[in-house]
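Welcome! Take a moment to look at the fold before you start.

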Amino acid sequence: MASLSVSIPPQVYKMLLLTGVGVAGYLLIKKGIHQAKSHAISNQFSSNDKNGMAARFAIRLFQAMFENDFFGLTEDEAAIFQVAKEMKAQNISFGLVAKKYKDKYRRDLLKNIQSALSPQEFDNFQNILTSPLGSIRLHEKLYLKQPTSVFNENFTKAIPLPATAKSIGLLAETVFVGTNSQRFYGFKNGRKKYYIPASKVILKSA
């Protein structure tokens, strides 16, 4: 059986090589500029200043989630946990770090961490911090996407919730329920706490 061989003209091969080098160079320069900006921002604050420490923690978390490899395709879970340990040791709240993260990257730190970690890893992250994420006020309001039901604090009773354009409450905590780890948002209405499937609401800054 005759074998089929394909030869690439030298000009095409050279063009492909130059294109690859150019793309790699661009990504490397872009990453270098981004890291330089991150270091510049982190150096604006004294190491003993809570705002400065929170800003640096925010940068390190972003780097662990989005700059762990050349293309930003993998996360460094160990680095994320290490930041959590240092936040606890320095008594830096998650809420303050989340604010610095939002200011710099225009992203939601809680959502990014939940996407980067498995449900079990996310539970471990919460346990490392001084307080569970659920007890940290993130200043985000919940808005319904569609009529649905909310559950009481013990998840023993479902209560129909009609459609409304108004916020149904302020985010109090995030929990994972069941064997499939379905995510629910907890919020308060008066003195009572309710839970709603995360897929049924939109979070907006308060």
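What percentage of the 206 residues in the chain is buried? Buried residues make up 33% of them, where buried means under 20% relative accessible area, exposed means over 50%, and partly exposed lies in between (1.4 Å probe, protein chains only). Please keep in mind that this is a predicted model, in which local features need pLDDT of at least 70, side-chain atom pairs count only at pLDDT 80 or more, and totals for chains, interfaces and linings use all residues. Residues are numbered from 1 along each chain as its sequence is written, and side-chain values use heavy atoms, with hydrogens and water left out.

**Overall layout**

- The chain has six helices and seven strands; helices (H or I, at least four residues) and strands (E, at least two) are DSSP runs, numbered from the N terminus.
- Reading from the N terminus, the elements follow the order α-α-α-α-α-α-β-β-β-β-β-β-β.

**Aromatic pairs**

- Rings of Phe, Tyr and Trp (its six-membered ring) pair if their centres lie within 6.5 Å; planes under 30 degrees apart count as stacked, over 60 as edge-to-face and the rest as tilted.
- By this rule the count comes to 10 aromatic pairs.
- One of them joins Phe151 and Phe184, edge-to-face, at 5.9 Å centre to centre with 80 degrees between the planes.
- This pair links distant parts of the chain, as Phe151 sits in strand 2 (residues 148-151) and Phe184 in strand 5 (residues 182-189), 33 residues apart.
- Phe151 counts as partly exposed because its relative accessibility is 24%, whereas Phe184 is buried because its relative accessible area is 6%.
- Phe187 and Tyr194 make a tilted pair, 6.0 Å centre to centre and 35 degrees between the planes, and both residues are buried.
- Phe62, Phe66, Tyr101 and Tyr105 are linked into a cluster by ring pairs.

**A charged patch**

- On the surface, Lys102, Arg106, Lys111 and Lys145 gather in a patch of positive charge.
- Patches of this kind are made of residues with over 30% relative accessible area and no salt bridge, with like charges joined within 9 Å; a salt bridge is a side-chain nitrogen of Lys or Arg within 4 Å of a carboxyl oxygen of Asp or Glu.
- Lys102 belongs to helix 4 (residues 94-105), and it is partly exposed because its relative accessible area is 31%.

**A look at Glu77**

- Glu77 lies in helix 3 (residues 77-90) and is partly exposed, with a relative accessible area of 25%.
- The C-alpha atoms of Glu77 and Leu61 are separated by 9.7 Å, and the two residues are 16 residues apart along the chain.

Conventions. Patch = residues over 30% accessible without salt bridge, like charges linked within 9 Å, V, L, I, M, F, W, Y side chains within 5 Å. Areas by Shrake-Rupley, 256 points an atom, 1.4 Å probe, with all protein chains shown as cover. Lys, Arg positive; Asp, Glu negative; His and termini not counted. Charge placed at Lys NZ, Arg CZ, Asp CG, Glu CD.
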